Every structure is written in structure tokens, then in C-alpha cells.
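Biologist: Can you bring the model up? I'd like to go through it with you.

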Amino acid sequence: MNIALILSGGIGTRLGSDIPKQYMEVEGKPVIAYCMKTLFKHKCVDAVHIVADLTWQKKIREWMKFDKEISLFSVKFQGFSEPGRNRQLSILNSLENIRQYAEEADLVMIHDAARPLLSEKLISDCFEAASSYDGVLPVIPMKDTIYGSLDGKRITALLKRDELFAGQAPEVFRLGKYYKANQKLLPEQILKINGSAEPAVLAGMDVVMIPGDDGNFKITTKEDMERFQKIIEGQIKCKGE
């Protein structure tokens, strides 16, 4: 079984709105609905699980019901998990719930609701690569020269750009091994984890990198949201023509 886990528990308001970015509407749909549609419809995805605060779970159910493209595949929806103290604890909460209906050898794909432009190709590429490894991480090569600094003022290290990569979501992992990797970090170390692949790497899991997608950007700033808005408007205009 291939399970897609959508992380939508964040309550950040860095975009200057009272509504978390993943629930802000763009062309009549919340941001989360865009990746939901892609994941629900994808032939490689057998089940979908969502991390969301209780205050938003009812709304998400309503969106699933009234969005025709999502509702057709709503049988894949397996339930919600509540957010943890940080992103990685939200993932661990979900893994515990997912293990109630999935097998240890199954694959779990972790994706951020704030990355709405997830492509069908990237989903397929991730699952295809995961057949031979414990985990898969899409990456983007660094385009700029990167320097290290211990104090944020002076350059203290010269880093090789061709050895540095920016990780993206979605990441895919073997459920059983990844669950154990996260458990090992309890109770304190897991609070220091920033990326989903970190527990897997620390546990010695065999994680392979595959080419990511520049268009699969994360909405973090107001400029990101404006960029996403323009892309969706352009897609709608093309369909109208």
C-alpha cells in the first residue's frame, strides 16, 4: 500500500493573514485543495492521511465533499491526525495512526499542504525509486555559491556547490523503518529535526536522491503566494482559450 500523508497542521501567519497559508483561497479553492486533488487522483496513491488542527478538520471534509475531482476518490481518505509540538512530531503522530491500517513494508509519502503545485510525474518518480530503497528525497542542485558562517557575520567555511542540494517534499519512506527511526529520537532530539529525511539518515536508512521540480515550491512568503496566484490564473486563462 502507498499512503500519502499531507501535513497541514501549521498555524503560521507570516503572510499577514489570520488564516494559515494552506487554507487561504486562490481562485475559489484553499491552497491545500490543489495538492489534495493531485494526490487523491494519482493511480499510485492507495490511501490519504492528513495532519490538521481540529478547528480545520470539518472544513477539509467539506472541501473533499464539494470538490468533484476530489470527492470521486474520497474513498482513499483514511483519517486525520492532530499536529504535534513541531513538524516531525506531527509526522510521528500520523505514523502511529497509519500503522493501524497499513503494513510495515508499505510506503508513506510525506507532503506539505503549502506545496500546492505537486506534479503527477514527481509522485510517480518518487514511488518508482522507492521500490529499491528505504527512502526517496527529491532535491534541487544549488545554483548560487554557498558559504558557511558560524556567527552570521564572517565567512568561516567555503562549501562546494556541486555537493550541496536543497531537499523538497514529497519524501517517501518504508513505514516500519521510518517509524522506528523517529521513535529513536524521542523525547528531545526529535524537537531539533527540520527535515523529514533527517531521522531516516540518522538511523542509517538507505535514502536515495532523485531530481526535484523547480515548480514544486513551498508557499512561505507573500511573494510566494502571489507567484502561485499568477500561475493558477494563467492555467485558468489557458483552459478558457
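Biologist: Which residues do ring pairs link into a cluster?

Modeller: Tyr 23, Trp 56 and Trp 63. Rings of Phe, Tyr and Trp (its six-membered ring) pair if their centres lie within 6.5 Å; planes under 30 degrees apart count as stacked, over 60 as edge-to-face and the rest as tilted. Before we go on: this is a predicted model, where local features need pLDDT of at least 70, side-chain atom pairs count only at pLDDT 80 or more, and totals for chains, interfaces and linings use all residues. Residues are numbered from 1 along each chain as its sequence is written, and side-chain values use heavy atoms, with hydrogens and water left out.

Biologist: How many aromatic pairs does the structure hold?

Modeller: Five. One of them is Tyr 34 with Phe 228, an edge-to-face pair at 5.1 Å centre to centre, with 90° between the planes.

Biologist: Which parts does that pair tie together?

Modeller: Tyr 34 lies in helix 1 (residues 31–41) and Phe 228 in helix 8 (residues 222–240), so the pair bridges parts that are 194 residues apart in sequence. Helices (H or I, at least four residues) and strands (E, at least two) are DSSP runs, numbered from the N terminus.

Biologist: Is Tyr 34 buried or exposed?

Modeller: Buried, with a relative accessible area of 10%. Phe 228 is buried too, at 0%. Buried means under 20% relative accessible area, exposed over 50%, and partly exposed in between (1.4 Å probe, protein chains only).

Biologist: Which charged end sits over the ring of Tyr 34?

Modeller: That of Lys 29, 5.9 Å from the ring centre. Arg 227 has its charged end over the ring of Phe 217, 3.9 Å from the centre. The test is NZ of Lys or CZ of Arg within 6 Å of the ring centre and within 35 degrees of the ring normal.

Biologist: Back to helix 1. Why call it largely enclosed?

Modeller: Because nine of its eleven residues are buried. Among them are Val 31, Ile 32, Cys 35, Met 36 and Leu 39.

Biologist: What is Ile 6 in contact with?

Modeller: Leaving aside neighbours within four places in sequence, its partners include Ile 32, Met 36, Leu 39, Ile 50 and His 111. Contact means heavy atoms within 4.5 Å.

Biologist: And Ser 8, where is that?

Modeller: In the loop between strand 1 and strand 2 (25–26). Ser 8 is buried, with a relative accessible area of 2%. Beyond its neighbours within four places, Ser 8 is in contact with residues including Tyr 23, Ile 32, Ile 50 and Ala 113.

Biologist: Switching to backbone. Which residues does a cis peptide bond join?

Modeller: Ala 169 and Pro 170, with omega about 10°. Pro 170 is in the loop between strand 10 (165–167) and strand 11 (171–174). Another cis bond joins Leu 186 and Pro 187, with omega about 0°. Pro 187 is in the loop between helix 6 (175–183) and helix 7 (197–202).

Biologist: Which residue has a positive phi although it is not a glycine?

Modeller: Glu 27, at about 55°. Most residues other than glycine have a negative phi. Glu 27 is in the loop between strand 2 and strand 3 (29–30). Glu 27 is partly exposed, with a relative accessible area of 40%.

Biologist: Last topic, the whole chain. How many helices and strands?

Modeller: Eight helices and twelve strands. The radius of gyration is 18 Å, close to the 18 Å that the globule rule gives for 241 residues, so the chain is as compact as a globular protein of that length. That radius is taken over C-alpha atoms, and the rule is 2.2 Å times the number of residues to the power 0.38.

Biologist: What share of the residues is buried?

Modeller: Buried residues make up 46% of the 241.
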